[in-house]
Amino acid sequence: MGFFDGKTAIVTGAARGIGRTIAEELAREGADLAICDLDLNWLAETADSIRSIGRKAECIGVNVSDWPGVNEAVTTIVKSMGHVDILVNNAGITKDAFLARMTEENWDAVISVNLKGTFLFTKAVSKPMMKQKSGTIVNIASIIGLIGNAGQCNYAASKAGVIALTKSAAKELASRGIRVNAVAPGFIETKMTETLQEDVRDQMLAAIPMRRFGNPTDVANAVVFLASDAAAYMTGQVLTVSGGMVM
Ligand code: NAP
């Protein structure tokens, strides 16, 4: 028996990184998955992994910032899987530069994927979720959306926007039986952190009270909790997963 037996979950940006781990953890708790990423072919490994856990995996190639594509993706998922119970808006990008050097293209690209993409998928699933009078949405924000960061004005603004969107959608959808929450990860162990110079890595670690980077499972565990009935009385919340870096 898992938290999500009989439920269907959509995870965006599920080809790799945190999104892939979130999809696998939801599957371990019994959910069937609709996994989305820019290119359908990149999803093969995640899909194999979900099927090896014993759950269904439907792969969808979609750009989260393209409304017709997102709308069509959600329509297809509802048709083939019957219902959509969980949405995890995970797809995200960075295009870092200091303010003076940040181009308009860098700004638009990050806002378009991180913030507009979260809005579009939330809008698309809200319709079937309102009809069925149930659903949970978990948005992946970042501690950078809470505290800001030099060189990341676009990313910080997009993630602060995701937090504000989370709270507004939570207020709007609560009476329809839909909960909307966010997870704000700190530094998570990725390919990027693996290749950091030792002194930079040490500096980053010194800012984390628990003295370790997080891993994708740390984030996925928070997502599982918020999406599950264990969080049945929580909506509009931001759960920080940062080893105590942000309190
Ligand atoms: P990642 O490894 O780069 O994975 C993100 C996935 O999203 C990639 O497969 C990416 O495809 C996909 N994607 C990008 N743009 C897309 C679009 N327009 N439509 C659909 N899919 C798209 O990133 P991650 O580190 O796992 O991060 C996942 C989420 O956690 C992001 O929202 C990120 O901001 C957030 N986060 C990460 C950290 C961290 O330390 N890693 C910390 C805080 C928050 P491509 O391969 O083409 O890029």
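The lining of the second largest pocket in this predicted model divides into five nonpolar, two polar and three charged residues. These residues are Trp67, Asn71, Val74, Thr75, Val78, Lys123, Ala124, Lys127, Pro128 and Lys131. Two helices each supply at least two residues of this lining: helix H3, which runs over 67-81, and helix H4, which runs over 104-132. The space in the second largest pocket comes to about 230 Å³.

The largest pocket holds about 1500 Å³ of space. It is lined by 45 residues, and those closest to its centre are Ile18, Gly92, Thr94, Tyr155 and Thr190. By residue class, the lining of the largest pocket splits into 23 nonpolar, 15 polar and seven charged.

Several helices and a strand take part in the lining of the largest pocket. At least two residues each come from H1, strand E2 (32-37), helix H5 (144-147), H6 and helix H7 (191-194). Among the contributors, H7 gives the largest share of this lining, with four residues.

The next topic is the ligand. The space that the ligand takes is the largest pocket. Around the ligand there are 25 residues, and the closest are Ile18, Asp37, Asn63, Asn90 and Tyr155.

The shell around the ligand consists of 14 nonpolar, eight polar and three charged residues. Helix H1 (17-28) and helix H6 (153-173) each provide at least two residues of this shell. H1 and H6 also each supply at least two residues of the lining of the largest pocket.

On the side of Arg16, a polar side-chain atom lies 2.9 Å from an oxygen atom of the ligand. Val64 takes part through its backbone: a polar backbone atom of Val64 is 3.1 Å from a nitrogen atom of the ligand. As for the surface of the ligand, 880 Å² is exposed when the ligand is taken alone, and the protein buries 84% of that.

Note on methods: Residues are numbered from 1 along each chain as its sequence is written. This is a predicted model: local features need pLDDT of at least 70, side-chain atom pairs count only at pLDDT 80 or more; totals for chains, interfaces and linings use all residues. Side-chain values use heavy atoms; hydrogens and water are left out. A residue is near a molecule or strand if one of its heavy atoms lies within 4 Å of it. A polar contact is a pair of N or O atoms within 3.5 Å; within protein, one must be able to donate a hydrogen and the other to accept it, and residues adjacent in sequence count only if both atoms are side-chain atoms. Accessible areas come from the Shrake-Rupley method with a 1.4 Å probe; for residues, only the protein chains shown count as cover. On a 1 Å grid over the protein atoms alone, a cavity is a set of points where a 1.4 Å probe fits but cannot get out, and a pocket is an open set with protein on both sides within 12 Å along at least five of seven lines; lining residues have an atom within 4 Å of a point. A molecule sits in a cavity or pocket if more than half of its atoms lie within 2 Å of its grid points. Ala, Val, Leu, Ile, Met, Phe, Trp, Tyr, Cys and Pro count as nonpolar, Asp, Glu, Lys and Arg as charged, and the others, Gly among them, as polar. Grid points are joined across faces, edges and corners, and a volume is the space filled by probe spheres set on the points.
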